[in-house]
Amino acid sequence: MINPVPRVRFAPSPTGYLHVGGLRTALYNYLFAKNNNGKFILRIEDTDRNRYVEGAVENLIKTLKWVGLNYDEGPDNGGEYGPYYQSQRLDIYKAHAKILLEQGNAYRCFCTPERLTLLREEQQKVKLQGKYDKHCLHLTHEEVEQKLSEKILFVVRLNVPSEKIISFDDVIREHVEFASETVDDQVLIKSDGYPTYHLANVVDDHLMKITHVIRGEEWLSSTPKHVLLYDYFGWVRPVFAHLPLLLNADKSKLSKRQGDVAVEDYRDKGFLKEALINFVALLGWNAGDDREYYKLNELEKYFSLDRVNKSGAVFNVEKLSWLNFEHLRQKPVEEVLVLLKDELNKSKFSGKTYKDEYLIQVIASMRERVSFVKEYIEKSPYFFEEPDEYDPDVVKKRWKEDSPILLKTLAGSFSLLNENASKEEFEQALHKTAEESNSAVGKLIHPLRLAVSGMGVGPGVYDLLVILGRDEVIRRINTAIEKINI
RNA sequence: GGCGCGUUCGUCUAGUGGCUUAGGACGCCGCCCUCUCAAGGCGGAGAUCACGGGUUCAAAUCCCGUACGCGCUACCA
């Protein structure tokens, strides 16, 4: 086999949502495939019946599609190495377990859960490593047949040799070694006939011609078991790459208890898929330069496994937010427009309609002031309804005794402008009013902003005027004069 | 407890023996710009490169030890 097409896989167990750590693993697999003209496969590791969650797979696929990590083969789009659900491959695992059984590289274990618990407790008491004692390995052929005919439940265990060094190479960790004494006789087939991850993953990876196993570091400790299986079957081992973990602020493995871990949570909070991808890509990888802003297609170009870090990375939402800001700023207006309309439909303004042309102006004026689409509404509600209150602090600071009369004059001079007066025309009118009333422009600008928006912050005041339009501006000025009392 | 992996500013990281008085980014602080807020520009605080030994003319970079952290230790993945 010379230069086979690289084939990698993302193999999540369907727990109900896509974990951000899973997203990172999926992304690195995807990027590796793209970068090497390889194939990216999605395989569902649903061999634990106790953990079955209704709709989990559908949700997982939906989320993966949302972020744009399209796979070449998978449960819903087929491929020549299916099925891609492990629960549909039970016969394959059984057949392979049988081979191991015949070789003597696996054996049936009839021990009861009670005995195993007892064993573990005893080992713990003497501070010994918790490990199966190979009790059932020494059963005679007759004893096994006897128990089989009695229909006693059994599992199939991996027969780990003694006094061997099990070693393998890892792209990220380099050479790793384990003494076989420290490796447990792992259960390969459970008593319900389902395989464990260890067997299923090795069999499938081989059958699906996976060339590179890129997965989280939590699997490093069980890799010797997998390596043993490859060797027992006489199969070529894939290249292993164990990714550093994503961490909570306290450096423990990223978990639900300490904040959001589901990609869906971040999506619902308004994070863009572009930002999420960019952020997660940088958690454990960089191109060796100072670049931090990437689009997915650029990551595809630059990503390489050998630039992946060894140590875990804390998931820092503040930096994610900054990237969200950056990506939102780069997004074409038409796309932001669609997102903004969605957001409006979810807001209290859902009953109202706004012209695209109007919303585009709003977007342009607020671009540099928002990190999230919903902030267009939160930070500048005055574009969607007239202010119903005026920020008291700003009133205190900017609304002077002469403000009503000045604004009245200003409204008068605005009324002489065109209905679609330009920024310059508004500016000229304001300056002229200031001059004629012998007042500084600031004495007009600040109360004007307050009157028109109810706030003290926002886009340039003339932008505000143009977007709202002459008539609306005049109306708001009059309302403010009535409502603001000092 | 055992085994494995890791350890550079608060966080993400650059660094692969001399270019390093350890660089960038987020966040924080200040100044400039300015009608406000942002954006932008400039600057600042912030890392005795976990610690201790070696190797070397020279170490964040190589080796050994220690400490600490994390992961695994299920008929879960």
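Me: How many nonpolar, polar and charged residues does the surface near RNA strand B have?
Reply: This is a predicted model, where local features need pLDDT of at least 70, side-chain atom pairs count only at pLDDT 80 or more, and totals for chains, interfaces and linings use all residues. Residues are numbered from 1 along each chain as written, chains are lettered from A and ligands numbered from 1 in the order written, and side-chain values use heavy atoms, without hydrogens and water. Near means a heavy atom within 4 Å; Ala, Val, Leu, Ile, Met, Phe, Trp, Tyr, Cys and Pro count as nonpolar, Asp, Glu, Lys and Arg as charged, the others, Gly among them, as polar. By class, the surface has 22 nonpolar, 19 polar and 24 charged residues.

Me: Which residue has a backbone N or O atom 3.1 Å from a base oxygen of RNA strand B?
Reply: Polar contacts are pairs of N or O atoms within 3.5 Å. The side chain of Ser221 puts an N or O atom 3.1 Å from a base nitrogen. Asn309 has a polar side-chain atom 3.4 Å from a phosphate oxygen. The backbone atom by a base oxygen belongs to Gly460.

Me: Which element gives the most to the surface near RNA strand B?
Reply: Helices (H or I, at least four residues) and strands (E, at least two) are DSSP runs, numbered from the N terminus. Elements giving two or more residues include helix H4 (113-125), helix H18 (442-453) and helix H11 (317-330). With five residues, the most comes from H11.

Me: How are H16 and H20 oriented to each other?
Reply: Axes are lines fitted to C-alpha atoms over the stretch in contact, with angles from 0 to 180 degrees between N-to-C directions. The axes of H16 (residues 403-414) and H20 (residues 470-483) come within 10 Å and cross at roughly 160°. Angles over 145 degrees count as roughly antiparallel. H16 and H20 are therefore roughly antiparallel.

Me: Which residues of H18 meet H17?
Reply: The axes of H17 (residues 423-436) and H18 come within 9 Å and cross at roughly 125°. Contact means heavy atoms within 4.5 Å. On the H17 side are Leu430, Thr433 and Ala434. On the H18 side are Leu444, Ile445 and Leu448.

Note on methods: A polar contact is a pair of N or O atoms within 3.5 Å; within protein, one must be able to donate a hydrogen and the other to accept it, and residues adjacent in sequence count only if both atoms are side-chain atoms. Angles under 35 degrees count as roughly parallel, over 145 as roughly antiparallel, 65 to 115 as roughly perpendicular and the rest as oblique.
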